[in-house]
Amino acid sequence: MVKLFGGVALILVLVGLALGAVGAELLDADPFIPLPEVHLAPQEVVQIGTPPSAWWDFWSDFTVSNTLLSAWLTTIVVVLLFGLGSRSIKMVPGRLQGFVEMFFEAIYNFIKGVAGERFARPFFPILATMFIFVAFNAWMALLPIYPTIGFTADGHHQITTHLLRSAGTDINMPLALAVIAFLFAEIWGFKAHGFGYLKEFFRGPNPLDTFIGIVELLSHFIRLISFTFRLFGNMLAGEIVLGMMTFLLVFLVPLAFYGLELLVGGVQALIFMGLTLVFTVMAVASHGDHEQEHSEAGSH
């Protein structure tokens, strides 16, 4: 049986090599799959309304892009999956309810391990939503419908506009999540300390303290850039790698990269949620306690 699977795998690899761009170059033939095109900007699928005639008329139309459709589809799938899994709670859970409970319990325990029991519950809804949306959006982009369904331009046989494209490859989605993460941490900082939270940035007349406060303030806003481009870069790079490996080798070998992208999607979601959690915990930490510890250390 092992030899049979090994033989079939070898045949598929050789066929993929012959049909892909590598074999096409060696055999002086056309590749089985056309060269994939990389689009940094989202592509318009449908436009509702008429284009605005002036900047103040921006509400007259609404453009639905392929990345926006992907975000909507991800939201629908997530709501249905977790809604059905928690619709009728039973003492002895079925498979779907068991999966949902295990999934949420793992995320909750992760948050509790960093933030403690006091903040785990209030932090959980936003942080879990971030993880689920980022992860499922990346995983669903691996479905065959994403690269195979779309629209062709006049005179073209190749798809020029895909119906669906991972929302993570549209910089607007990582930026929106980064803004939410930034506001989440800052709001909790003010909620925990009131206007005393601003002491972290305005530390007093001492020039060194003033400089440290300015650096701290800049570091908070730099998070918006780092959050955005970390997620955007990894999602876009994954899409490019999958497209190029399929173009080069067609069969079997690209499956290894699909497995890698499954891992990358989960890891990126965990990193995004984890960094948001850490920055929020830092925001709610009592700065007065730290100052007291330093003063007590100096007195001893």
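Is N66 buried or exposed? In this predicted model, N66 counts as buried because its relative accessibility is 0%, and buried is the term for values under 20%.

**N66**
- N66 belongs to helix α3, which covers residues 66-85, and its side chain reaches the backbone oxygen of H162 at 3.2 Å.
- Apart from neighbours within four places in sequence, N66 is in contact with P42, Q43 and V45, and also with H162, L163, L164 and R165.

**Largest pocket**
- The largest pocket holds about 1,000 Å³ of space, and its lining is made up of 39 residues, of which Y146, P147, H162, E239 and G243 lie nearest the centre.
- Two or more lining residues come from each of α6 (145-148), α8 (207-249) and α9 (253-284), with α8 giving the most, at 9 residues.
- By class, the lining of this pocket comprises 23 nonpolar, 12 polar and 4 charged residues.

**Cavities**
- There are 2 cavities of 30 Å³ or more, and the largest cavity, with about 60 Å³ of space, is lined by A178, A181, F182, A185, R223, L224, F227, T276 and F279.
- The elements giving two or more residues to that lining are α7 (172-193), α8 and α9; α7 gives the most, with 4 residues, and the lining as a whole divides into 7 nonpolar, 1 polar and 1 charged.
- The second largest cavity, of about 40 Å³, is lined by F227, R230, L231, Q268, I271 and F272, with α8 and α9 each supplying at least two residues, and its lining divides into 4 nonpolar, 1 polar and 1 charged.

Notes
Residues numbered from 1 in each chain as written. Predicted model: local features only at pLDDT ≥ 70, side-chain atom pairs only at ≥ 80, totals over all residues. Heavy atoms only, no water. 1 Å grid on protein atoms, 1.4 Å probe; cavity = no way out; pocket = protein on both sides within 12 Å on 5 of 7 lines; lining within 4 Å. Points joined across faces, edges and corners; volume = space filled by probe spheres on them. Nonpolar A, V, L, I, M, F, W, Y, C, P; charged D, E, K, R; others polar. Buried < 20%, exposed > 50% of the residue type's maximum accessible area, 1.4 Å probe, protein only. Polar contact = N/O pair within 3.5 Å; in protein donor to acceptor, adjacent residues only side chain to side chain. Contact = heavy atoms within 4.5 Å.
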